[in-house]
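This report covers side-chain contacts, taken charge by charge and ring by ring.

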Amino acid sequence: MTTEVGTETEVKKEPEKVPEVQQHTEEPEKAPDGVAPHNPIKQEEGSHSAEADTEPNESPEPSSPPPAGEQKKEKGISRFLPPWLKRPKSQSLDTESESAAAPHVRDEEREEKETKAEQPEEVSGEKRKAEEEKDREEQKSVGSADTQPAREETEGESDEKPSSPQETSVVSPIKVTKKMKMVVCHVTLLDGNQFTCEVEKRAKGQYLLFEVCEHLNLMEKDYFGLSFKDNAEQGCWLDPTKEIKRQIRNSQWQFAFSVKFYPPDPSQLTEDITRYLLCLQLRQDIASGRLPCSYVTHALLGSYALQAELGDYDPEEHRLDYISDFQFAPNQTKELEEKVVELHKSHRGMTPSQADAQFLENAKKLSMYGVDLHHAKDSEGVDIMLGVCANGLLIYKDRLRINRFAWPKILKISYKRSNFYIKIRPGEAEQFESTVGFKLPNHRAAKRVWKVCVEHHTFFRLMSPEAPTKNKFLTLGSKFRYSGRTQAQTRQASTLIDRPAPRFQRTSSKRISRSFDGGNLPSMSAFTLRSDVW
């Protein structure tokens, strides 16, 4: 057992207690016969001398108590010790409580020695207890000196820790303000009105589309979408699953609300407001020349538009020039206006919703109904048009359709650089698959056609959209998939709509002649591409 030298006060107290013990131990000299007299003073002196003999050998420290200056040096040295060598704070507190009770324990031991002087074997046990008590008192001084640097470090840590909540409290408002940075979006509706909405700068496209549909009180919203112009003045559809700012890039936050998927049978639409918005889109397509019509069809569709907006013909209210404010065709003539007025008179008693239904029944029969056209060239370098619709892929040349690839006949669609490819299923007389390629103006145009084909095929042909592919390492090709509801899912959801017919205000057809910027569109030919008018 190693021992250490105590403090000055502890060394001085022991000699003062020795004479008191001598006074009490003079009487036990009268011991009974056969028992040797016991002198506890000599044993205690021997114990002290033994401790004094062992201390220099076991501990390299001097027998004299160290001054106060050396204790301060020990404090400084202990600061450089690793934490695992330092005594924890709880042990120092335990030693203090034990040392406080040590003097009382000594008095009780001495009384026991006086009363039990006849049992010399127990003295050695008491001697050991006294030595253990001295060791504890000595450890108290050393432990307190060792634990002081640890306390200083813990206090330093406690001073440093509160700084982290302050930093978070300062940083968190900055992050919130960054996330809550708002941007004003301007959306041109189908009636020509402007809808302004504030969205978060990192908001996705589906949030803005939801706000527009809420403003219009529209529930069958899967047929519609938001479009914008890129830096090359080409029209693009806003992807609902991606952030808006990553799609428009440096373009302005201006969008157009329009029909994205033209339903093959508009009569299956549930609500009148959905049919009305589809009528507005078709009127815009007809007036701009994207949907070419014959003279008779222009007059018939124009008469249904007047009946839906103005009601029955009234000679007193509707004079000869009342139709001049409406535009029904790209090149509208006086003769066409007179024919429209004549047909308008025959629609007496027809409600606006019935007029819209008749308008859609005649418009869906047009050959270019719901066709999204794109400029391209065939393998021989001849200019053609690629049309994507609900039934498949159409090929136009000089305003005439020269080929048609239905969706069941197409096995695969792909693009590489500025080339667009379709793999055709072999016919009855053919044994091998064939691939047809088209040349687009650039890489973005090829990808745009590919995405439109993927969306139309998924919406009109599949019962549910494909599940997103899992992230694989070094995957090739685009990960784009249509994520919205299909036509089958939309029809099923429409049957569950249970609300009163929403009220809406019908606007004049003359507003459909306005372009994306709000100005009047110039006169266009009877065959104008949809992408050119954007």
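## Salt bridges

Asp285 and Arg290 join their side chains in a salt bridge, 2.9 Å from N to O (a side-chain nitrogen of Lys or Arg within 4 Å of a carboxyl oxygen of Asp or Glu). Both Asp285 and Arg290 are buried (under 20% relative accessible area; exposed is over 50%, partly exposed in between; 1.4 Å probe, protein chains only). Salt bridges with shared partners also connect Arg283, Glu309, Asp356 and Arg506 into one network. The whole structure holds twelve salt bridges.

This is a predicted model: local features need pLDDT of at least 70, side-chain atom pairs count only at pLDDT 80 or more, and totals for chains, interfaces and linings use all residues. Residues are numbered from 1 along each chain as its sequence is written, and side-chain values use heavy atoms, leaving out hydrogens and water.

## Lys364

Lys364 bridges to Asp265 at 3.4 Å, N to O. Lys364 also forms a salt bridge with Glu361, with the closest N and O atoms 3.4 Å apart. Lys364 is partly exposed at 25% relative accessible area. Asp265 is partly exposed at 23%, and Glu361 at 28%.

## Aromatic contacts

Aromatic rings of Phe, Tyr and Trp (its six-membered ring) pair if their centres lie within 6.5 Å; planes under 30 degrees apart are stacked, over 60 edge-to-face, the rest tilted. The count is ten aromatic pairs. Tyr415 and Trp450 have ring centres 5.3 Å apart and planes at 55°, so this pair is tilted. Trp450 is buried at 8% relative accessible area; Tyr415 is partly exposed at 21%.

Tyr223, Phe261, Phe459 and Phe460 make up one aromatic cluster.
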